[in-house]
Amino acid sequence: MVFLKRLFCCVLVVILLKAVPVESTLYFANQSTIDKLENNKVTAVIHVESSPLALDCNSCDDRIYWTIGKEIKRGYPNVPSSIESVISLGLHDPKGVAVDWRGNNVYFTDQLASSGSVEVTSCDGKYRRVLLRDNEYLDAGPIAADPINGYIFFADVRCCIWRAEMDGKNPMKVVSPAG
């Protein structure tokens, strides 16, 4: 199951890379840094206390968002003083984060004791609300935002990939395990 979640993330990265110009930048997490790949060169841009589980970048202002422990943080590349907490209270086990650059929102998944949730907040951490919470979405993990078409996509522990409107309405499985 972990393999399928990683595969989902890799597929999303490949899809996104094919949709952007060659001169684009790819950010990724390393043990204690967030690095960027640009022009075939890897550079550390943010030093973090431990390995981030998930990250995304707001293409409008180049700020990077990441999950670490029970927190979602953000910061500008190469500006250590810009690192700040977006959400530090009420998170249990955030596993995915996605930035909606059109609506200036951050979507994230969180694992609770008996169910998972998909939530949204403004980029500054205000106006947080739960979009989906149910044991149907148990262990919701990687998440991606498609603001152009108005959807969010996320995976769960059962290897299902879900799609919902950006307000959480009309969730539906788009990929289910065979059998």
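Here are some questions and answers about this chain, which is a predicted model.

Q: How many helices and strands does the secondary structure of the chain come to?
A: Let's start with the overall make-up. The chain has 179 residues, and buried ones make up 41% of them. Its secondary structure comes to 1 helix and 15 strands.

Q: In what order do the strands of the open sheet with S4 and S7 sit?
A: This open sheet has 4 strands, and their pairing is antiparallel. From one strand to the next, the twist averages 30°. Read across the sheet, the order is S4-S5-S6-S7.

Q: Why is one side of S4 and of S7 left without a neighbour in the sheet?
A: Look at where these two strands stand in S4-S5-S6-S7. Strand S4 covers 54-58 and strand S7 covers 84-87. One side of each is left without a neighbour because S4 and S7 stand at the edges, each with a single partner strand.

Q: Which residue of S6 is the bridge partner of Thr 67?
A: Strand S5 takes in residues 63-68, and strand S6 takes in residues 71-75. The two run antiparallel and are joined by 5 bridges. On the S6 side, the partner of Thr 67 is Ile 72.

Q: Which residue takes a positive phi in the hairpin of S5 and S6?
A: Go to the turn of this hairpin, where 2 residues lie between the strands. The phi in question is near 60°. The residue that takes it is Gly 69.

Q: Which residue of S7 is the bridge partner of Lys 73?
A: S6 also pairs with S7, again in the antiparallel sense. That pairing runs over 3 bridges. For Lys 73, the partner in S7 is Ser 85.

Q: How many residues does the largest nonpolar core have?
A: Strands S10 (116-122), S11 (129-134), S13 (151-155) and S14 (161-165) each give two or more residues to this core. Tyr 107, Val 118 and Leu 131 are among the residues with the most contacts inside it. Apart from this core lies another, which includes Ile 72 and Val 86. The largest core has 14 residues.

Q: Which residues whose names start with Ile is Val 118 in contact with, leaving aside its neighbours within four places in sequence?
A: Contact here means heavy atoms within 4.5 Å. The partners of Val 118 include Phe 108, Thr 109, Val 130 and Leu 132. Among them too are Ile 143 and Ile 152.

Methods:
Residues numbered from 1 in each chain as written. Predicted model: local features only at pLDDT ≥ 70, side-chain atom pairs only at ≥ 80, totals over all residues. Heavy atoms only, no water. Pairing = 2+ DSSP bridges. Axes fitted to C-alpha atoms, helices over the stretch in contact; angles between N-to-C directions. Core = buried A, V, L, I, M, F, W, Y, C linked by side-chain atoms within 4.5 Å. Buried < 20%, exposed > 50% of the residue type's maximum accessible area, 1.4 Å probe, protein only.
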